[in-house]
Amino acid sequence: MGQLSQFAPFLLMFVVIYFFMIRPQQKRAKNEKEFESSLKVGDKIITKSGFHGKVVELGETTVVIETMSGKLKLERSAISLELSATLNKKA
């Protein structure tokens, strides 16, 4: 019983870290992966670096967007889930 009470604070700390740090990060990564796979031609997006554009071509891991100054080829992971969702709500 004495050994269990010594490890209880460590166990409690691990549970708190899991539910407040690890689990939300995993959930966010899953949502971003679903968003990347659901992209389609014609979607308006914002990249993580701030470029606004419209998807004109999709590759397996890349996407070509059209901006006011021309076309850009980007990795799908460079597209911001939160900013693109906000942009699509306004439209």
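**Figure 1. Tyrosine 18 is partly exposed, at 30% relative accessibility.** Here buried means under 20% relative accessible area, exposed over 50%, and partly exposed in between, with a 1.4 Å probe and protein chains only. The model is predicted, so local features need pLDDT of at least 70 and side-chain atom pairs count only at pLDDT 80 or more, whereas totals for chains, interfaces and linings use all residues. Residues are numbered from 1 along each chain as its sequence is written, and side-chain values use heavy atoms, with hydrogens and water left out. Rings of Phe, Tyr and Trp (its six-membered ring) pair if their centres lie within 6.5 Å; planes under 30 degrees apart are stacked, those over 60 are edge-to-face and the rest are tilted. The count under this rule is 1 aromatic pair. Tyrosine 18 and phenylalanine 19 form this edge-to-face pair, with 5.2 Å from centre to centre and 85 degrees between the planes. Phenylalanine 19 is also partly exposed, with a relative accessible area of 46%.

**Figure 2. The protein chain contains 2 helices and 4 strands.** Helices (H or I, at least four residues) and strands (E, at least two) are DSSP runs, numbered from the N terminus. Along the sequence, their order is α-β-β-β-β-α. The radius of gyration of the protein chain is 20 Å, well over the 12 Å that the globule rule gives for 91 residues, so the chain is more spread out than a compact globule. This radius is taken over C-alpha atoms, and the globule rule is 2.2 Å times the number of residues to the power 0.38. The C-alpha trace spans about 70 × 30 × 20 Å along its principal axes. Of the 91 residues, 22% count as buried.

**Figure 3. Glutamine 3 and leucine 4 both lie in helix α1.** This helix covers residues 2–37. Glutamine 3 is exposed, with a relative accessible area of 62%, and leucine 4 is exposed as well, at 60%. Between glutamine 3 and serine 80, 77 residues apart in sequence, the C-alpha to C-alpha distance is 48 Å. Leucine 4 and glutamate 82 are 78 residues apart along the chain, and their C-alpha atoms are separated by 44 Å.

**Figure 4. The largest nonpolar core has 9 residues.** A nonpolar core is a set of buried Ala, Val, Leu, Ile, Met, Phe, Trp, Tyr and Cys residues joined through side-chain atoms within 4.5 Å. The members are Phe35, Leu39, Ile45, Val55, Val63, Ile65, Leu74, Ile79 and Leu81. In soluble globular proteins, nonpolar side chains tend to be buried together. Contact means heavy atoms within 4.5 Å. Apart from neighbours within four places in sequence, valine 55 is in contact with Lys40, Val41, Gly42, Asp43, Ile45, Val63, Val64 and Ile65.

**Figure 5. Lysine 40 and aspartate 43 form a salt bridge.** A salt bridge is a side-chain nitrogen of Lys or Arg within 4 Å of a carboxyl oxygen of Asp or Glu. The closest N and O atoms of this pair are 3.5 Å apart. The whole structure holds 1 salt bridge. Aspartate 43 is buried, with a relative accessible area of 17%.

**Figure 6. Glutamate 36, in helix α1, is buried yet has no salt bridge.** The nearest side chain of opposite charge is lysine 33, 5.5 Å away; Lys and Arg count as positive and Asp and Glu as negative, while His and the chain ends are not counted. Leaving aside neighbours within four places in sequence, glutamate 36 is in contact with Arg76 and Ser77.
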